[in-house]
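Please keep the structure open as you read.

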Amino acid sequence: MLPTPNSALVLRSSRKAVKFLLDATSKTALTACAERTAIFKAISEGHKHFKAIAVSSDDSGFTPPCGACRQVLIDLAGNIDFIMVNAKQQVKIIPLKVLVPFAFTNKNLQRSKKKK
Ligand SMILES: [Zn+2]
């Protein structure tokens, strides 16, 4: 199952997909991208374990996540695969740890709380 253009699809660890067909937003500070909105929605619906997130674009190239989405995804979903689908239905898969090396996550906060 591939997401439709300009949308995100969250794949749960149970191999079932949670489909979120969202139009991509414009890139302003007051909006959120499809992938960030999709992970927030999945978590708000009670899903906790994810395998991958797929994002489709109507661009002929691959569209990577913005910096804010990279941080949110690795913090809330861990090192899942980020799947990019372009307009030609070609697929590129990159683990989030590759997109966010040396990431700041909840583990960093937990370690600093233990020191107090
Ligand atoms: Zn984004």
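1. Let's begin in a loop of this predicted model. Phenylalanine 102 sits between helix H3 (96-99) and helix H4 (106-115). Its phi is near 55 degrees, a positive value in a residue other than glycine. Phenylalanine 102 counts as exposed, because it has 5 C-beta neighbours inside 10 Å.

2. Glutamine 89 is exposed, with 9 other C-beta atoms within 10 Å. As background for both points, most residues other than glycine have a negative phi.

3. Now for the strands. Strand S3 (residues 50-56) has five buried residues out of seven, so the rest of the structure largely encloses it. S3 runs parallel to strand S4 (residues 81-85), and five bridges join the two. Look for alanine 54, whose bridge partner in S4 is isoleucine 83.

4. Finally, turn to a pair of helices. The axes of helix H1 (residues 34-44) and helix H2 (residues 67-77) come within 9 Å and cross at roughly 25 degrees. The crossing of H1 past H2 is left-handed.

5. Which residues in H1 meet H2? They are Glu35, Arg36, Ile39 and Ile43, and on the H2 side the partners are Ala68, Cys69, Val72, Leu73, Leu76 and Ala77.

Conventions: Residues numbered from 1 in each chain as written. Predicted model: local features only at pLDDT ≥ 70, side-chain atom pairs only at ≥ 80, totals over all residues. Axes fitted to C-alpha atoms, helices over the stretch in contact; angles between N-to-C directions. Helix = DSSP H or I, 4+ residues; strand = E, 2+ residues; numbered from the N terminus. Left-handed = near helix turned anticlockwise from the far one by under 90°. Contact = placed C-beta atoms within 7 Å. Buried ≥ 20, exposed ≤ 12 C-beta atoms within 10 Å, placed from the backbone. Pairing = 2+ DSSP bridges.
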